[in-house]
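Welcome, and take a moment to look over the structure below.

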Amino acid sequence: MVDVTSSAVGDLQLRNLTKTFADFVAVDDLTLTIPKGSFFALLGPSGCGKTTTLRMIAGLEEPTSGSIHIGATDITYTKPYQRPVNTVFQNYALFPHLTIFENVAFGLRRRGIKDVEGAVTKTLALVELGHLKDRKPGQLSGGQQQRIAVARAIVNRPALLFLDEPLGALDLKLRRQMQIELKWIQTEVGITFVHVTHDQEEAMTMADTIAVMNKGRIEQMGSPVELYENPKTVFVANFLGQSNLIEAAVQTNSGAETSVDIHGSRIILPSSRNKSSKSKVLVGIRPEKINIQTAGSSVGKNSLSGGVVTDISFVGVSTQYQVEMPWKQEIMVFEQNDGGAPNIRKGDQVTLSWEPHFTFALDSEN
Amino acid sequence: MSRWFSRNLIRIYASLALIYLFIPVGYTMAFSFNDAGKRNINWQGFTLDNWKNPCGAPDICVALGNSLKIGFLSTLVATILGTMIAFALGRYKFRGRSSTNLLIFLPMATPEIVMGASLLAMFVNLNVNTGFWTTVIAHIMFCISFVVVTVKARVASLDPKLEEAARDLYANEYQTFRRVTFPLVLPGIAAAALLAFSLSFDDFIITNFNSGTITTFPKFVWISSIRGVPAQANVIGTAMFLIALFIVIAGQFIGSAKAKRKS
């Protein structure tokens, strides 16, 4: 078999990739292109097939069918040690019996690279841990181990770097710091990073492009802003941030505007944001897009009245209201604490309003 | 007085237990300096003659040599075979894995006297003359179980992600084993080898059935005890004890030096 560790360059392409375990389909006919040099996130709940996808690309799992290409090179059945792909493992998997220097040098030595010393020193300097090169992994803190795991992978200059839930073991503050640091390292070295995670906030912070996976398939792919503002499925709307989804009947569906009926209220939205072709749809609106006002005040174009505030929680940057509508559905509303928040108490009658262009409509899931 | 007693109860108990455990060892050591002649039972006076001439008693060093040879051979073979079995059981799923797991325990649970007698019956039935090699075969057999159990525990505690990481970092199957798996399992293999050697060196019952005319050190002591164990047996016993003690202390020392570097 040919060693393609240095020859394969270009975009990563998955074509009709499928992996079946006994009678369970982990990855279902996945076709996907990850552009060279991008920071790409595979986002999904546990068991959605994202880790299996990663393991197939890394060569640790063999696909049932389909193919994997880097540029023009087919690597579907190439051995893991012959692929230009490196992984930053969950819990890092640093070799406990080797020093930090030898951990980072491991890949270079296996490939018989000449200037091991120089490359390792440079990479350790990049993650700012050169002074720890003679320590063993057990003597390092979690954040330091994380950075060594990244260094051990990028020192090989792979075509592709995988990050498998890389920040799961770190505390919140360190995680934030590492998110920024990883993003910086990616820009610095220019390697394609593929980040596998179930943490939507982490994916949105770091990735240029996110593919949301569910049940072995990709639900939607796009930039963080696009996925958040313009979700195409109920799963995406609920998985990235919070969404209020309300059942509605389509009234008119012609021209630039679509109008729907929600329990007697007329709600309009741009037709381009209606992802459903059915007469019954789910109308979606993000909690922070909604204005909350005491009943009877003047309202925006789209409005729903008759709500009663059942719960208020103050979370610092915003106040979160839970409003029960006449049809017994709870709707979440977030108001910025910028001084303009209305004086509303629990039990008050309120009217909710928002701009039509924030509204979206989806096929109901069943 | 009673408060002092209750405060130091554990210390008193521990000292008594240790004294109880070490009296036979101390006795053996002391009597290795006994100017005993043939019967090393009563204290006759201090001498260094036994230590200067440990092979002084007839055939004692032949027996010791046999024991060492049998010990090294059976340790080597049992450690290699047992390590391979441990990897197979710890790493791979195959038909008969759980029954193998159970059967591996059986030699440890079987009374030695039963095993020794059955082995002898088998050798006789196969028309094999008992001697050096039958002893080695018998020792390999009972040592393997202990090696498997010891190494398997180490293999089980090894994170498979480390091997995946090695493969991901361009190590092929052999390099992965050589650079990652083996160094990480090595302490377990070393412990298993030490255990196997001490079991083999120490064994009397199975050896007595299957060694024919060959004399091992435990067998020598047993045979000579009818007429009186020579003081040289105490010298060799003491030396073996001191070597074992040295290995343990050296191991502790290296371990704590490593731990100190960590902190």
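## Two helices in chain B

Helix 5 (residues 97-109) of chain B packs against helix 7 (residues 132-156) of chain B at an angle of about 120°, and their axes are 8 Å apart. Helices here are DSSP runs of H or I with at least four residues, strands are runs of E with at least two, and both are numbered from the N terminus. Axes are lines fitted to C-alpha atoms, for helices over the stretch in contact, with angles from 0 to 180 degrees between N-to-C directions. That angle makes helix 5 of chain B oblique to helix 7 of chain B (under 35 degrees is roughly parallel, over 145 roughly antiparallel, 65 to 115 roughly perpendicular, and the rest oblique).

Which residues meet here? From helix 5 of chain B come Ile104(B), Phe105(B), Pro107(B) and Met108(B), and from helix 7 of chain B come Met141(B), Phe142(B), Ser145(B), Phe146(B) and Val148(B). Contact requires C-beta atoms, placed from the backbone, within 7 Å.

## Where the chains touch

The contact between the chains takes 18 residues from chain A and 16 residues from chain B. On the chain A side, strand 6 (85-88) and helix 2 (100-111) each supply at least two residues. Helix 2 of chain A gives the largest share of that side, 4 residues.

## Domains of chain A

An automatic or database domain assignment gives chain A domain 1 (12-229) and domain 2 (245-362). Their C-alpha centres lie 40 Å apart.

## About the model

This is a predicted model, where local features need pLDDT of at least 70 and side-chain atom pairs 80 or more, while totals for chains, interfaces and linings use all residues. Residues are numbered from 1 along each chain as its sequence is written, with chains lettered from A and ligands numbered from 1 in the order in which they are written.

Conventions:
Two residues are in contact if their C-beta atoms, placed from the backbone, lie within 7 Å.
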